[in-house]
Every structure is written in C-alpha cells, then in structure tokens.
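Here is a short briefing for a first look at this protein. Start with the overall layout, then turn to single residues.

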Amino acid sequence: MQRILLAEDDVKLRAQLIDLLTAREFVVEPFEDGLSALAFGQNQKFDLAVIDLGLPRLPGLEVVKGLRAAGIDHPVLILTARGDWQDKVEVLGAGADDYLVKPFHIEELVARLGALSRRAEGGLQSEVKVGDLTVDVRAQQIKIAGEALELTAYEFSLLQLFARRPGEILSKNVLADHLYRADMDRDSNVIEVFVGRLRRKLASVCQTVVIETLRGQGYRLVLKAIS
C-alpha cells in the first residue's frame, strides 16, 4: 500500500480525502498545517504527497521547496484554488510534479496520483548512456560520471526521453505527450519550466551533456567537448 502525505487545512475536505483515499487502499498521513507536513516529510517515509497551496504556518509552496532542498524527490501534487498559468508555472518551478485546481473530482485526483506513481516507478527496464550521463530506469537513478543526481519524477521522465533520443530536436508537443498523456493541461509555459529546471540541475554537475533550446523548434540533448 502506498503512503500519502496529505496537507490540507480545510477540515471538511481533509476528512473527505482521508476517507476516499483510504477506501482506495492508500495509507494517509494527514496534516492541517505546512510546518507539521514538512517535518513529517523530512523525517518519515512516504510515496506521494498531496499538498494544499494555502496552508497555515507555512505555505504549500514552501513545503515543496523544503522537501526538495532536503533531497526528497517523491512525487508531489499541489491542490490550488488558483488556475491561471502564472500560478502553474510558480508551483512547478518550486519543484511540484503536478497540480489540481479546486473544486475537483476525487477520481481525477486518484488518476493523477496513479500517473505520478507510474512515472516514478518507470516503465522500461533498461539503462541508457549518453557521455557521462547514465539513466538507470530499473533503479530509477540518474548518474553523472558515477555520481547520483537527484530529480523529481517528471524531471526523470523528461531526461529519460532526451537520453533515448540524443541529438534529436524534441518539440514542446512531443515532450507534453511524453509527460502528460491526457491527464493534464498542455501549457507550453509549464514545459518551459520543467526543461529549465532540468537544465539547471544537469548543468550544476555536468558540462559535457547539455540541453539546448532551438527557438521555434524545441529542445535537444547534445554532447559538448570541454575546451
């Protein structure tokens, strides 16, 4: 059974989510404020997190940032009442993997969690190498010259696609099809956030494997020699 960190300050909604998720065989660890949720997430094991954006004591966005800063890369889904693209970009830029705008149907939440879980587990049992980059799908690990690189579920999925198609220009539509299938809005700004976040993490540890932007076309993973 998968363990879900649930952070929601609305008493009624939190109770409903606990009942509905438990009925679907999730183990739910509920919290009503951001500080408590972050403390749990940093010290206890969990598989997925559902975090409301407007939490007391510590906003949901800061909870996500705190988890990522601690090296915790489990999938995080944000619940928010704000649905414009700027808010989506901010949420994903902070390290969340998905978002769901209130009000929502519980079946959609369960579907989103299932999609996040599948991406985190990976689908192809193989290893891909591009220069110093190694993508181990079986172990769900990224290594640069043997050193582990921590990525979120979406970042891992994105880098896996780039590594399987090195040198090939991948459009935003191709990346959206790979990441979302039909379970999320295909906002080009969101794709830019994911690619930008992945590029920064990759560049921080490796100068020979880079993600290039080709304006009006898309992105590609290339090898570069160090002069």
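Domain bounds here come from an automatic or database domain assignment. On that basis, the protein is divided into domain 1 (1-119) and domain 2 (125-221). The C-alpha centres of domain 1 and domain 2 lie 24 Å apart.

This is a predicted model, in which local features need pLDDT of at least 70, side-chain atom pairs count only at pLDDT 80 or more, and totals for chains, interfaces and linings use all residues. Residues are numbered from 1 along each chain as its sequence is written, and side-chain values use heavy atoms, with hydrogens and water left out.

**Overall build**

- The protein has eight helices and 11 strands. Helices (H or I, at least four residues) and strands (E, at least two) are DSSP runs, numbered from the N terminus.
- The radius of gyration is 18 Å, close to the 17 Å that the globule rule gives for 227 residues, so the protein is as compact as a globular protein of that length. The radius is taken over C-alpha atoms, and the rule is 2.2 Å times the number of residues to the power 0.38.
- Along the principal axes, the C-alpha atoms fill a box of roughly 60 × 35 × 30 Å.

**Contacts**

- Contact means heavy atoms within 4.5 Å.
- Across the domain boundary, 19 residues of domain 1 are in contact with 17 residues of domain 2.
- Take the contacts between residues at least 6 apart in sequence: 56% of them join residues at least 24 apart.

**Surface and charge**

- Of the 227 residues, 49% count as buried. Buried means under 20% relative accessible area, exposed means over 50%, and partly exposed is in between (1.4 Å probe, protein chains only).
- The accessible surface comes to about 10,800 Å², and 50% of it belongs to carbon and sulfur atoms. Areas come from the Shrake-Rupley method with a 1.4 Å probe; for residues, only the protein chains shown count as cover.
- There are 29 positive and 33 negative side chains, and the centres of the two sets lie 5 Å apart. Lys and Arg count as positive and Asp and Glu as negative, while His and the chain ends are not counted. Each charge is placed at NZ of Lys, CZ of Arg, CG of Asp or CD of Glu.

**Backbone exceptions**

- Most residues other than glycine have a negative phi, and most peptide bonds are trans.
- The peptide bond from K102 to P103 is cis, with omega near -5 degrees. P103 lies in the loop between strand 5 (98-101) and helix 5 (106-121).
- E25 has a positive phi, near 70 degrees. E25 sits in the loop between helix 1 and strand 2 (27-31). At 56% relative accessibility, E25 is exposed.
- A145 also has a positive phi, near 50 degrees. The loop that holds A145 runs between strand 8 (141-144) and strand 9 (147-149). A145 is exposed, at 57% relative accessible area.

- A15 lies in helix 1 (residues 11-23). A15 is partly exposed, at 37% relative accessibility.
- A15 and A145 are 130 residues apart in sequence, and their C-alpha atoms are 47 Å apart in space.
- V205 lies in the loop between helix 8 (188-203) and strand 10 (209-214). With a relative accessible area of 43%, V205 is partly exposed.
- Beyond its neighbours within four places in sequence, V205 is in contact with I144 and L149.
- V205 and G54 are 151 residues apart along the chain, with 34 Å between their C-alpha atoms.
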